[in-house]
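Here is a short briefing on one protein model. Please look over the sequence and the structure before reading on.

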Amino acid sequence: MFVAAASLALSLGGCTELDTTAPAAARAEAAPAAAQARFGTVDCREAKCIALTFDAGPSENSARLLDILKEKQVPATFFLLGKRHIEKYPELVERMAAEGHEVASHTWDHKILTRITPAQIRDELVRTDDAIERITGRRPTLMRPPQGRTDDEVHKICRELGLSEVLWSVTAKDYATTDSALITKRVLAQATRDGIILLHDLYQGTVPAVPGIIDALKERGYVFVTVPQLLAPGKAEPGKVYRP
């Protein structure tokens with residue numbers, strides 16, 4: 001699994017021709033009544049928003065990460081793996097949901113969805129959604145395909161299952177280093193308004209980097225939001241792919 005996970009944050013490569021929707025476009029597409037209303041405590045049409053996301057958890061490092069996010073009052077979006085992760089740490093999945101984070105799917109066993117059959121794609125997604133729903137009481141509406149690899153068949157199945165695909169704009173390549181300062185530097189160099197940051201709490205250098213990343217981006221005027229908050233008052237549509 002770790003060999004596969006190591007490629008999670010690679011450049012999207014073959015995905016460059018994807019038909020994707022940017023957060024600002026999702027907000028602009030909102031129904032007129034919703035577009036006129038303010039959304040909760042953060043309105044990303046006005047605020048300089050950025051989304052912190054973590055793939056391939058929960059892990060032995062997730063409890064510390066949740067402590068940091070709670071202390072800093074920052075929400076995140078967690079794209080979770082089923083096998084050896086949700087199965088192993090159900091109490092952390094429950095805590096993520098209880099503390100206001102968005103809990104989403106990263107498939108069951110990190111199979112590359114464009115290389116397997118439609119039945120296998122469906123199994124990778126349904127098993128994970130079922131497990132999350134059993135623990136949190138809420139079925140995920142977002143998923144992140146392993147390595148960002150997706151295609152028309154994946155879109156079709158996601159649409160049928162009520163899932164939207166979420167990619168990213170910032171990667172620290174934290175699978176390749178334990179240097180927390182380097183991870184921080186990479187994130188800060190790529191951060192932009194409406195950005196989606198990809199990190200992995202299972203790697204040892206990542207969680208120690210999170211406090212510095214949060215503090216530095218707050219100093220730059222960024223407001224941290226979940227992916228649904230980033231899109232609001234628009235809503236993620238099943239079968240669509242979202243990327244800044």
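**Helix 6**

In helix 6, Leu-92, Val-93 and Met-96 are the buried residues. Viewed down the axis of helix 6, these buried residues fall within an arc of 105°, so they line one face of the helix. The model is a predicted one.

- The buried residues of helix 6 (90-98) pack against helix 4, strand 3, helix 5 (82-86), strand 4 (102-105) and helix 7 (118-136).

**Helix 4**

- Helix 4 spans residues 62-72. Its buried residues are Ser-62, Leu-65, Leu-66, Ile-68, Leu-69 and Lys-72. They sit on the same side of helix 4, because they cover an arc of only 160° around the axis.
- Lys-70 and Glu-71 lie on the other side of helix 4 and are exposed.
- The cover over the buried residues of helix 4 includes strand 2, strand 3, helix 6 and helix 10 (206-219).
- Gln-73 follows helix 4 and has a positive phi, near 55°.

**Strand 2 and its partners**

- Strand 2 covers residues 49-57 and is mostly covered, with 9 of its 9 residues buried.
- Strand 2 runs parallel to strand 9 (residues 223-225), and 3 bridges join the two. Within this pairing, Ala-51 has Val-225 of strand 9 as its bridge partner.
- Strand 8 (residues 195-199) also pairs with strand 2 in the parallel sense, over 5 bridges. Here Leu-199 of strand 8 is the bridge partner of Phe-54.
- With strand 3 (residues 77-80), strand 2 forms a parallel pairing over 4 bridges. Asp-55 stands opposite Phe-79 in strand 3.
- How does the chain get from strand 2 to strand 3, and what is the hand of the crossover? The chain passes through helix 4, and this β-α-β crossover is right-handed.

**Ring contacts**

- How many aromatic pairs does the structure hold? The count is 1.
- Phe-54 and Phe-78 form this stacked pair, at 5.5 Å centre to centre with 20° between the planes.
- The pair links distant parts of the chain: Phe-54 belongs to strand 2 and Phe-78 to strand 3, 24 residues apart.
- The cut-off for buried is under 20%.
- A charge also meets a ring: the charged end of Lys-48 sits over the ring of Tyr-222, 4.3 Å from its centre.

**Whole chain**

- The protein chain has 11 helices and 10 strands.
- Of the 244 residues in the protein chain, 54% are buried.
- Among contacts in the protein chain with a separation of 6 or more, 77% come from residues 24 or more positions apart.

**How the pieces fit**

- Strand 2 has parallel pairings with strand 9, strand 8 and strand 3.
- The buried residues of helix 6 in turn pack against elements including helix 4 and strand 3.

Key:
Residues are numbered from 1 along each chain as its sequence is written. This is a predicted model: local features need pLDDT of at least 70, side-chain atom pairs count only at pLDDT 80 or more; totals for chains, interfaces and linings use all residues. Side-chain values use heavy atoms; hydrogens and water are left out. Buried means under 20% relative accessible area, exposed over 50%, partly exposed in between (1.4 Å probe, protein chains only). Two strands pair if DSSP finds at least two bridges between them. A crossover is right-handed if, with the strands pointing away from the viewer, the path from the first strand over the helix to the second runs clockwise. Rings of Phe, Tyr and Trp (its six-membered ring) pair if their centres lie within 6.5 Å; planes under 30 degrees apart count as stacked, over 60 as edge-to-face and the rest as tilted. A charge sits over a ring if NZ of Lys or CZ of Arg is within 6 Å of the ring centre and within 35 degrees of the ring normal. The arc is that of the directions from the helix axis to the C-beta atoms. Contact means heavy atoms within 4.5 Å.
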